[in-house]
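Welcome! Here is a short briefing for someone meeting this structure for the first time. Take a look at the sequence and the model, then read on.

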Amino acid sequence: MNVERQTKPRRKRWKRILKWTASIIVLALVLWGFIAYWTSSNDCEQYAAAPGNPMKAIVYCDYGVPNLKLQEIEKPTPADDQLLVKVRAASVNPLDWHFIEGTPYVMRPMGVGLRKPKDTRLGVDFAGTVEAVGKNVTKFKPGDEVFGGRTGAFAEYVCVREARAVAAKPANITFEQAASVPIAAITALQGVRDKGKVQPGQRVLINGASGGVGTFAVQIAKSFGADVTGVCSTRNIDMVRSLGADHVIDYTKEDFTKGDQRYDVILDNVPNHSLSDCRRILTPNGKYVMIGGGGPNDNRWVGPFGRVINTELISLFVSQKMGMMMADLNQKDLTTLADLMQSGKVIPVIDRTYKSLSDVPEAIKYLEQGHARGKVVVKAD
Ligand SMILES: NC(=O)c1ccc[n+]([C@@H]2O[C@H](COP(=O)([O-])OP(=O)(O)OC[C@H]3O[C@@H](n4cnc5c(N)ncnc54)[C@H](OP(=O)(O)O)[C@@H]3O)[C@@H](O)[C@H]2O)c1
């Protein structure tokens with residue numbers, strides 16, 4: 001009886017302490033978020049001074065496509081292990097609109113920039129001519145035609161480390177075609193080869209077969225000897241078939257998850273079907289590779305993260321392998337793709353080519369609509 005009388009007030013005191021501690025933590029977090037948001041800045045002041053050795057580049061000091069500007073900034077100088085590349089063409093990827101829009105918002109506190117973008121340069125995929133090399137560079141020389149990936153590719157020049165994502169451009173493709181390759185084709189290659197582990201004769205379904213990643217994925221899966229089914233809309237059926245797809249499903253007329261066919265691998269560029277529906281059409285040991293995360297206005301706060309977690313969780317309890325992939329831009333895979341293009345097994349599909357860097361905002365707006373047929377390219381010279 002006595003003990004009970006003593007523990008009651010003690011429990012009350014602990015409750016009060018916990019309540020206050022939790023309130024203080026929440027308040028501190030809100031205050032920290034508020035301060036971090038309003039003090040978040042970037043390196044835009046550097047662009048105020050007139051550059052000594054200028055080049056034109058796309059710069060954005062604030063989030064949003066209207067804030068993209070073509071501006072004169074300092075031309076980069078290659079370090080000892082770098083090449084200076086005169087960019088001839090660059091291509092646009094959904095990655096670019098994720099950065100320019102700062103969505104999903106959850107990535108802003110993860111280093112992308114809370115109120116303003118931390119990195120004010122845009123673009124990754126480029127193709128061009130080597131203009132100069134650092135003193136330790138051995139694989140490339142001035143005049144070489146190359147393609148690769150480097151942040152800030154929407155510019156007249158980029159510097160890229162010789163050992164990083166840069167490779168010789170095959171002679172049989174144009175700069176525009178080469179610029180369309182890096183992110184989309186590496187994603188397709190790694191999806192088919194590393195995540196899907198596609199074997200000859202396997203049935204592979206590619207949802208979103210007519211876009212940047214999809215047009216490469218159809219050709220690469222064919223080059224691996226797969227039986228390929230592409231999912232696209234009516235206007236793209238002939239194009240997807242011409243890339244080598246054995247079967248084409250028109251998503252405006254048929255839901256591919258409702259059919260009787262079972263697939264060994266699904267490469268999903270458009271996550272618009274439930275995971276259980278996708279799982280239903282997989283073979284018992286099939287693989288579901290989540291590539292796409294939706295459009296710029298889908299789940300602006302968390303983007304595809306909810307689906308990513310679901311996919312990984314489900315994978316723990318089922319016989320099929322399900323998971324998200326993140327492309328890794330590297331020289332070895334760019335060289336593999338160069339060989340595939342050299343041999344004619346992969347031919348980049350270009351939807352639109354914009355005439356100059358000043359067209360980057362238009363190119364991004366077009367891509368954001370989500371209906372590009374192959375890749376969207378911008379000329380840089
Ligand atoms: N995980 C990674 O590492 C990685 C790397 C690169 C890209 N991605 C992501 O992969 C996705 C695809 O990238 P992308 O460069 O291919 O984009 P994209 O070029 O913009 O894809 C557009 C294509 O999607 C098709 N599409 C739209 N709605 C569709 C639907 N309901 N069913 C089937 N197809 C549909 C469109 O065809 P219609 O015009 O016929 O509708 C269009 O051809 C994006 O979400 C991107 O962020 C991820």
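**The ligand and its surroundings**

The side chain of arginine 235 places an N or O atom 3.2 Å from an oxygen atom of the ligand, a polar contact in the sense of a pair of N or O atoms within 3.5 Å (within protein, one must be able to donate a hydrogen and the other to accept it, and residues adjacent in sequence count only if both atoms are side-chain atoms). This is a predicted model, in which local features need pLDDT of at least 70, side-chain atom pairs count only at pLDDT 80 or more, and totals for chains, interfaces and linings use all residues. Residues are numbered from 1 along each chain as its sequence is written, and side-chain values use heavy atoms, with hydrogens and water left out.

**More on the ligand**

- For asparagine 272, an N or O atom of the side chain is 2.9 Å from a nitrogen atom of the ligand.
- Glycine 293 takes part through its backbone: a polar atom there is 3.2 Å from an oxygen atom of the ligand.
- On its own the ligand exposes 930 Å², and the protein buries 88% of that (Shrake-Rupley method with a 1.4 Å probe; for residues, only the protein chains shown count as cover).
- Helix H5 (182-195) and helix H6 (212-223) are the elements that give two or more residues to the shell around the ligand; helices (H or I, at least four residues) and strands (E, at least two) are DSSP runs, numbered from the N terminus.
- There are 28 residues around the ligand, and Ser210, Ser233, Tyr251, Met325 and Ala372 come nearest; a residue is near if one of its heavy atoms lies within 4 Å.
- By class, the shell holds twelve nonpolar, 15 polar and one charged residues (Ala, Val, Leu, Ile, Met, Phe, Trp, Tyr, Cys and Pro are nonpolar, Asp, Glu, Lys and Arg charged, and the others, Gly among them, polar).

**How helices pack**

- H5 also meets helix H10 (residues 331-342): their axes come within 10 Å and cross at roughly 90 degrees (axes are lines fitted to C-alpha atoms, for helices over the stretch in contact, and angles run from 0 to 180 degrees between N-to-C directions).
- H5 is therefore roughly perpendicular to H10, a label for angles of 65 to 115 degrees (under 35 is roughly parallel, over 145 roughly antiparallel, the rest oblique).
- Among the residues making this contact are Leu189 of H5 and Leu334 of H10, where contact means heavy atoms within 4.5 Å.

**Backbone details**

- The peptide bond from threonine 103 to proline 104 is cis, with omega near -5 degrees.
- Lysine 197, in the loop between H5 and strand S8 (203-207), has a positive phi of about 45 degrees although it is not a glycine.
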